[in-house]
Amino acid sequence: MPFISNTTEQQKEMLAEIGLGMDDLFSDIPSEFLDKPMNLPDGINEQNVRNKLAELADKNSINLTCFLGGGFYDHFIPAAVYSVVSRSEFYTAYTPYQPELSQGTLQAIYEYQSAICRLTGMEVANASLYDGGTAMYEAMMMALRITGRNKVIIDDSVNPINRVMIDSYTQNLQIDLEETHCADGLANRKRIFRKIDDKTAAVILQNPNFFGCIDDFSDIAEAAHKKGALLIVSCYPISMGILKTPGEMGADIVTGEGQSLGMPMSFGGPYLGFMASRMKYVRKMPGRIVGQTTDRMDRQSYVLTLQAREQHIRRDKATSNICSNEALCALTALVYLSLLGKQGLRETAQICADKASYAYKRLTAIPGVEPHFKARWFFNEFVLDLPCEAADVIAKLIEKGFAAGFPLSRYYEKMENSILICVTEKRTKQQIGMLAEALESVL
Amino acid sequence: MKLIFEKSAPDRRAVQPGPSDVPASINIKKALLREKPAELPELSELDVIRHFTELSRRNFGVDTNFYPLGSCTMKYNPKVTERIAAYPGFAHLHPLLPQLRMGGMLTQGALRVLYETDLFLREIMGMAGFTMQPLAGAHGELTGMMIMAAYHRDKGNKKTTVLIPDSAHGTNPASAAIAGYKVRTIGTTENGFMELKDVEKALDDDVAGVMLTCPNTLGLFNPHIRDICDLIHSVDGLAYYDGANLNAIVGKARPGDFGFDIVHINLHKTFATPHGGGGPGAGPVGVIEKLLDFLPVSIVVKRDDGTYALEYDRPKSIGYVAPFYGNFGIILRAYVYMLMLGKNGLKRVAENAVLNANYVKEKLKKHYKLAFDRTCKHECVFSVPESMLGKSVHAIDIAKALIDRGFHPPTVYFPTNVKEAMMIEPTETESKETLDAFVEAMIEIAEQAKAEPDMLKNAPVTTPVSRPNETAAAKHPNIASL
Ligand SMILES: Cc1ncc(COP(=O)(O)O)c(C=O)c1O
């Protein structure tokens, strides 16, 4: 049998030693439940399974030139990232409950936490959450705990893929979730300022936002703090190569989707939710946290710490129910950031912005194609209005070999003709030119 | 060992992203830019590789040696699944593609993986349908509790409370609480499980349901499980199955037949996907027929023409618990594992997991205190005998002594209703030779506990660090180098 080490002879020997038959081992399960027929196929060997899966992989089209973003990005991944994360000392371990055997994972997570803080301008970070959406939800719950309040304001320029998750999670909870409609592509100050009151736990914003627009939330941080509310900012980690950090803006909790830090898109996961905050809130933070300490010989060492917040100790009073997180993805992000380094991340971010800016100019030169928002700063995504329905145009461009962008009508009213286009450092000038030609030809 | 940041040298480079083939533009307003670049390390590729190779040597995985961490099912992770997950046709697939018009046809292979995994899991669990969205076991629990709440809301039931045995994993009460429920805890009797009469006593109309592992975290199968589920159903409650211990019964018996209504499965346990040093995992949730409408959006369906599509129109659904279709890369590995094992292979998994656990249990029960002396399922729970406690030897000391003998320790101090617990889960992938070596080490430690207990208090001595000071770590948290 595949992946079972004991021979039939050994199994018999072991049963004889414990004086039982195989059936006796299951005699505590009422026989009416046992060994009922299951409609499952017979097993196949490695060679056949690889052929079968290669065929299925071929039924997925990955040859479209990708201008699709929406929070999930086609960035370049250096080969060395795979080399490190495919070391089985890392990937076949589990949560580092035994620190002496897990200094590798523990130090890496400590370094990851440090890198996330440096990236976002914050003071503390946890060891990871499932994804950007659950991280945003956990940040919201953390703000409710810190403030003891129950009103949350969220602007609709925050990724709708995350907002629908927050809607689901809050269904059974007594939370007053108020949405503001963005103002010309930026967080709606007028509405947000009016809504912030002394019942407000948090304002949730995103930078760059779902439309790719860049904002500075310093004024909103100040307004929130005046009323004792917190500012939660979700950010795109690659953009942190150049953009003002949430920390510099005065954010209290920073979250985001870390997929862009060296993880393949992999049809939706595994991804990485990151979370950073201020030292004064560390004991209210969800998730595992690694801390530095010393061993009995005063050697620097690392342990899981502040566990009194967690489910295995606090049970129904815990800060979160999370147990397994996305440790290997956190390692991936750390290796990616180490390979790019201080200069490389800045350059990558700048190249993304430059290429997006080039594409923007190239595409808006097409007659009938207009920017949706008035002059705005954007990072590597932008919204264009087409002379006809965006979903139709995108479908036609698929036939020409492009995943040209995302139709905003899927989540926003009155945006039938609007398309969200993303350009990463992987796209070439030539590909951008070809997209422009293809777009022009289908309009 | 130095931190990676301490190895940095100005202007040293690994990856060079440029030069760019478009003109540089200084289009972003200065006030929107960060003042200084993020202080990431500046290293060569070799520096990075050496650093992480050194770290990896300070780690212990299933590939290193025996890892009998109870409740975690640390079985061997087949290498072929890693290879397949890296196929570009899967790894480079953008998750938004099927949401574009015409796009669904471009992801038929991936949608079929999701669809067939759902079918296989239905068959294995006795459920009517699954969502692949939950990203780990605990996330599955929360999803399950949200489905429970949606069911009661739909029926107009006013339910406030979930029953959970004291042996449950901490995630169970935490998930119920986060979903908005109160938790009522039920004790474990000397038989090793929650008794029917105690459930009866705790039951009233406020009860929304029960959360159980079966076999439970003591490794014991509750023979009255069907009656417990029936009892819960008598107040229109729902029975939730925490699938963390599925390895004990996979291919042999189905939770749906026991009377469970909602289940989650930890694919990173029973279905052999790697634990990743703490994740990523995946926690698909299955439900019986009457709960299908509440499953998250979207669901993969097969159309009459044999193609696969995502179904979004689900008015009673709890909505989205994850951005897309779950941790696809993990689901894919589990799918490959199921294809390779087939129905007979899966059944052998449970049989050998249970055989290995009972073998270890019998071999050790003369030397350690068996929490419950009965046939166990996939794991067995011991506690430290009084004679050792008298010499101040605790579960933690035994764990650390095992490290010096080359083994990963069992789970210690869990389940919490057994004092000084040591929970051993060998899994089916280990050989008799490995189990014998482990048993021998455990016996040697028991002898040492009598003869030279102080030696145990010093363990481990073979690792890069000895026992770290956890109290100091929590008192003055240093959790980032800034
Ligand atoms: C019994 C039990 N339930 C639930 C969980 C939580 O699963 P996960 O870590 O995948 O969230 C675990 C994990 O160890 C467990 O052992």
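## Domains and model

The domain assignment divides chain A into domain 1 (2-40), domain 2 (65-74 + 342-442) and domain 3 (79-336); such bounds come from an automatic or database domain assignment. Taken over C-alpha atoms, the centres of domain 1 of chain A and domain 3 of chain A are 46 Å apart.

This is a predicted model, in which local features need pLDDT of at least 70, side-chain atom pairs count only at pLDDT 80 or more, and totals for chains, interfaces and linings use all residues. Residues are numbered from 1 along each chain as its sequence is written, chains are lettered from A and ligands numbered from 1 in the order in which they are written, and side-chain values use heavy atoms, with hydrogens and water left out. The predictor assigns the complex an ipTM of 0.98 and a pTM of 0.98. For chain B the mean pLDDT is 97, and 100% of its residues reach 70 or more; pLDDT is the predictor's confidence in each residue, from 0 to 100.

## Strands of chain A

Helices (H or I, at least four residues) and strands (E, at least two) are DSSP runs, numbered from the N terminus. Strand E12 (residues 381-385) of chain A has four of its five residues buried, where buried means under 20% relative accessible area, exposed over 50%, and partly exposed in between (1.4 Å probe, protein chains only).

Two strands pair if DSSP finds at least two bridges between them. Strand E11 (residues 370-371) of chain A pairs with E12(A) in the antiparallel sense over two bridges, and A:Pro371 stands opposite A:Leu384 in E12(A). E12(A) is also joined by five bridges to strand E15 (residues 418-422) of chain A, and these two run antiparallel. There, A:Val383 has A:Leu420 in E15(A) as its bridge partner.

## A sheet in chain B

In chain B, four strands form an open sheet in the order E10-E11-E13-E12, with antiparallel pairing. Strand E10 (369-370) and strand E12 (411-412) of chain B each have a single partner strand and stand at the edges, so one side of each is left without a neighbour in the sheet.

Strand E11 (residues 380-383) of chain B is joined by four bridges to strand E13 (residues 421-424) of chain B, and the two run antiparallel. In this pair, B:Phe382 stands opposite B:Met422 in E13(B).

## Nonpolar cores

A nonpolar core is a set of buried Ala, Val, Leu, Ile, Met, Phe, Trp, Tyr and Cys residues joined through side-chain atoms within 4.5 Å. The largest nonpolar core has 180 residues, and those touching the most other members are A:Leu53, A:Phe211, B:Phe90, B:Phe260, B:Phe271 and B:Tyr368. Helix H11 (residues 328-364) of chain B gives the most to this core, with 21 residues. Apart from this core lies another, of 83 residues, among them A:Val233, A:Met249, A:Leu261 and A:Leu304.

B:Glu82 lies in helix H2 (residues 79-85) of chain B. Leaving aside neighbours within four places in sequence, B:Glu82 is in contact (heavy atoms within 4.5 Å) with A:Tyr91, B:Pro274 and B:Arg333.

B:Leu163 is placed in strand E2 (residues 161-165) of chain B, and counts as buried because its relative accessibility is 0%. Beyond neighbours within four places in sequence, its contacts include B:Arg184, B:Ile186 and B:Ile232. The C-alpha atoms of B:Leu163 and B:Asn266, 103 residues apart along the chain, are separated by 21 Å.
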